[in-house]
Amino acid sequence: MFHCRRCGNCCRWSGCVRIREQEIDPIAACLGLTAEEFLDRFCRISPDRQALSLVEREDGGCIFLEDDGPGQAACRIQQEKPEQCRTFPERWNFPGWQKECPGGQTEEKSAEPMQ
Ligand code: SF4
Ligand code: SF4
């Protein structure tokens, strides 16, 4: 059973966090921004030019990752986080994710995953 350990490793992965059009307004509202403000401040065109994605921190991690120490990672837009994040690791993941995600390495009963 999957058990998210809130390590934040999946959010530190330096790949795109894609945003669907219908996710723009809810995420903007969650941040207290207009859609235009959210797009200006937090979104960019993905490298393959096929989608919008969140901008990244200088270290490649997600701009919305709040790093408060081991086991304390949190998402600033938790209530409205993108589908890509909601479906990790079952429907979306990245090469080698099993090594990065301790949540996939347990048989314990699950808590709600961070992502
Ligand atoms: S939006 Fe939230 S859950 Fe998704 S990668 Fe960023 S911090 Fe992690
Ligand atoms: S889903 Fe996995 S990598 Fe992401 S925070 Fe939870 S345990 Fe860590």
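Biologist: Where is Pro89 found?

Modeller: Please bear in mind that this is a predicted model. Pro89 belongs to the loop between H4 and H5. The peptide bond that joins Phe88 to Pro89 is cis, with omega at about 0°.

Biologist: Which other residue is found in the loop between helix H4 (83–86) and helix H5 (97–100)?

Modeller: Asn93 is found there. The C-alpha atoms of Asn93 and Cys10 are separated by 8.7 Å, although the two residues are 83 residues apart along the chain.

Biologist: How is Glu58 to be read, as buried or exposed?

Modeller: Glu58 is exposed, because 5 other C-beta atoms lie within 10 Å. Its place is in the loop between strand E3 (52–54) and strand E4 (65–66). From the C-alpha atom of Glu58 to that of Arg20, 38 residues away along the chain, the separation is 23 Å.

Biologist: What is the phi of Arg6, and what is that of Arg49?

Modeller: Arg6 is not a glycine, yet its phi is positive, at about 55°. Arg49, likewise not a glycine, has a positive phi of about 60°. Arg6 lies in the segment before H1 and counts as partly exposed, with 18 C-beta neighbours inside 10 Å. Arg49 lies in the loop between strand E2 (43–45) and E3 and counts as exposed, with 6 such neighbours.

Biologist: At what angle do H2 and H3 pack?

Modeller: Helix H2 (residues 21–31) and helix H3 (residues 35–42) pack at about 90°, with their axes 8 Å apart. The two helices are therefore roughly perpendicular to each other. H2 contributes Ile24, Asp25, Ile27, Ala28 and Leu31 to the contact, and H3 contributes Ala35, Glu37, Phe38 and Leu39. By class, seven of these residues are nonpolar, none is polar and two are charged.

Biologist: How many residues has the largest nonpolar core?

Modeller: In soluble globular proteins, nonpolar side chains tend to be buried together. Here the largest nonpolar core has 18 residues, and Cys11, Val17, Leu54, Cys62, Phe64 and Leu65 have the most contacts inside it. Helix H1 (9–12) and H2 each give two or more residues to this core. Beyond four places in sequence, the contacts of Leu54 include Val17, Ile19, Phe42 and Cys62.

Biologist: Which residues are closest to ligand 2?

Modeller: Cys4, Cys7, Cys10, Cys101 and Gly103 are the closest of the 16 residues that surround ligand 2. This shell has nine nonpolar, four polar and three charged residues.

Definitions and conventions
Residues numbered from 1 in each chain as written. Chains lettered and ligands numbered in written order. Predicted model: local features only at pLDDT ≥ 70, side-chain atom pairs only at ≥ 80, totals over all residues. Near = placed C-beta within 6 Å. Nonpolar A, V, L, I, M, F, W, Y, C, P; charged D, E, K, R; others polar. Axes fitted to C-alpha atoms, helices over the stretch in contact; angles between N-to-C directions. Helix = DSSP H or I, 4+ residues; strand = E, 2+ residues; numbered from the N terminus. Parallel < 35°, antiparallel > 145°, perpendicular 65-115°, else oblique. Contact = placed C-beta atoms within 7 Å. Core = buried A, V, L, I, M, F, W, Y, C linked by C-beta atoms within 7 Å. Buried ≥ 20, exposed ≤ 12 C-beta atoms within 10 Å, placed from the backbone.
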